[in-house]
Amino acid sequence: MSEQKNDFTEWYLQTVQKAELMSYSPVRGSIIFRPDGFELWEHIQEEFNKFLRSEGIRNAYFPMLIPKSFFMKEADHIEGFAPELPWVTEVGDEKLEEPLALRPTSETMIGTAFSDWINSYRDLPYEINQWANVFRWEKKTLPFLRTSEFLWQEGHTAHVDAEDARKRTLRILDEYARLCEEFLAIPVYKGEKTPSERFAGAEETYSIEAMMKDGKAVQAGTSHYMGTKFAEAFDITYLNKENKHVHAHTTSWGVSTRLLGSLIMTHGDEKGLVFPSTIAPTQIVLMPVGPWKKNPAIMEKLDEIFAAFKAEGFRVRLDDSDNSPGYKFNEWELKGACVRIECGPRDLENGHAMVKVRDLADKEKVAFEDLHDYVKEQLAIMPKRLLEAARARNKENEHYDIETLDDLKAHIETCKAEDKVTGFVLIGWDGTEETEAKIKEETGFTTRNIPFDVPVEKTVDIVSGKPAKHTVWIARAY
């Protein structure tokens, strides 16, 4: 398998396939989610659905095919998505009267439904969520991170006023950050997107950005305040308390299977996948070692341990295959099993098992009577340990001392010469699209977001030298 430091992308591509998370589909740019890969997504669904239920937001489902006329109602929206839209134009030998798009998002379809469903201030806030597949015909693809068809969650809400809508927008962003940091052990940078990076048709877009091990950024989640733009386009009005018809303020927000790519690129190592116990498809793997087939008591002991963990709801596997111990160790490390428990004739005789935690260097000898508590404790602290390790790595790759475009170019050259990652760079920005475009054109860096928590205030624009209106994170991105 390729080494991370030599070719990070090749390491990633080999890992997701060898670890059996995905396979390529015959259709360009789309993938098959194998059971372990899909289970990761199911665990994210389960975790986020807990939040939705606590907020009173219910799941619904909308059609995948969207009439072209729906897109034409909001000019910015169709302009933003037009290059990526696949269209259905005929069925059998019959041409359709109106082309139907495979949804890039359900904004237009849900806007039309909201127009029918919302009539009075008593109907608000109206809040729903959808788990679905969407299509965006990407030119350059990478499994999980950027594919022509992907899975996601999209929430849509309508509110009485801007204050209520903005409150929901930011509440969702906070939950996305919690989901990433506490559940996936991925540290994120919260902030507002620049106007050129906003969702098509939004008034404000907020994001969480994650730094991968190679220093590149992944936009891990977005939450959008739409103002009344979509309400005006789709006639989402309600009768207020003053008996007047007014437009609702809407929001939309989503995370996708990009989170799986982020998870792999944040924690994975030379041996393969590393998953926090919160999401790992296999939390515990048990295996007999040595001449175990000659001693039935070894398997009896492992069956007993397996049953105890299984009964408590742990995701546990028992590998009694004929493969060599070395082969099995490598396979389960590749697949990201959190804890490996080995038992051979001597272990059984001495009343202990050998335990290896995926992200720790050494094995531990643990007495059978202490095994349950030890493993449970390790699974509990593993996500926090991974999060802190990722935060420390991020900190090493944050740069605050780059003041000019020449400084940025010199930084890139130095990183290349010393085989270091370019990471996240904090810059001053004068607020113009011209500055953003020049940075991207000459360095490949793009604005990630205007952070809520600014580590160092920047006063001068990196390109123009004019006073900075904002302090912004920039990075190369997937």
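Predicted model: local features only at pLDDT ≥ 70, side-chain atom pairs only at ≥ 80, totals over all residues.

Now show the two helices whole: helix 13 covers residues 405–417 and helix 14 covers residues 433–443. How are they arranged? Their axes lie 11 Å apart and the packing angle is about 30°. Since angles under 35 degrees count as roughly parallel, helix 13 is roughly parallel to helix 14. Turn the view to look through the pair, and you'll find that helix 13 passes helix 14 in a right-handed crossing.

Next stop: helix 1, residues 8–18. Which of its residues are buried? Select Phe-8, Trp-11, Tyr-12, Leu-13, Gln-14, Thr-15 and Val-16. To see what the buried residues of helix 1 pack against, bring up strand 1 (22–24) and helix 8 (258–267). Before moving on, click on Glu-20, which follows helix 1 and has a positive phi, near 60°.

Last, jump to helix 2, residues 35–55, and pick out Glu-47. Is Glu-47 buried or exposed? Its relative accessible area is 14%, so Glu-47 is buried. Leaving aside residues up to four places away in sequence, Glu-47 touches Arg-178, Leu-179 and Phe-183. Zoom in on Arg-178: its side chain makes a polar contact with the side chain of Glu-47, at 2.9 Å.

Technical notes. Residues numbered from 1 in each chain as written. Heavy atoms only, no water. Helix = DSSP H or I, 4+ residues; strand = E, 2+ residues; numbered from the N terminus. Buried < 20%, exposed > 50% of the residue type's maximum accessible area, 1.4 Å probe, protein only. Polar contact = N/O pair within 3.5 Å; in protein donor to acceptor, adjacent residues only side chain to side chain. Contact = heavy atoms within 4.5 Å. Axes fitted to C-alpha atoms, helices over the stretch in contact; angles between N-to-C directions. Parallel < 35°, antiparallel > 145°, perpendicular 65-115°, else oblique. Left-handed = near helix turned anticlockwise from the far one by under 90°.
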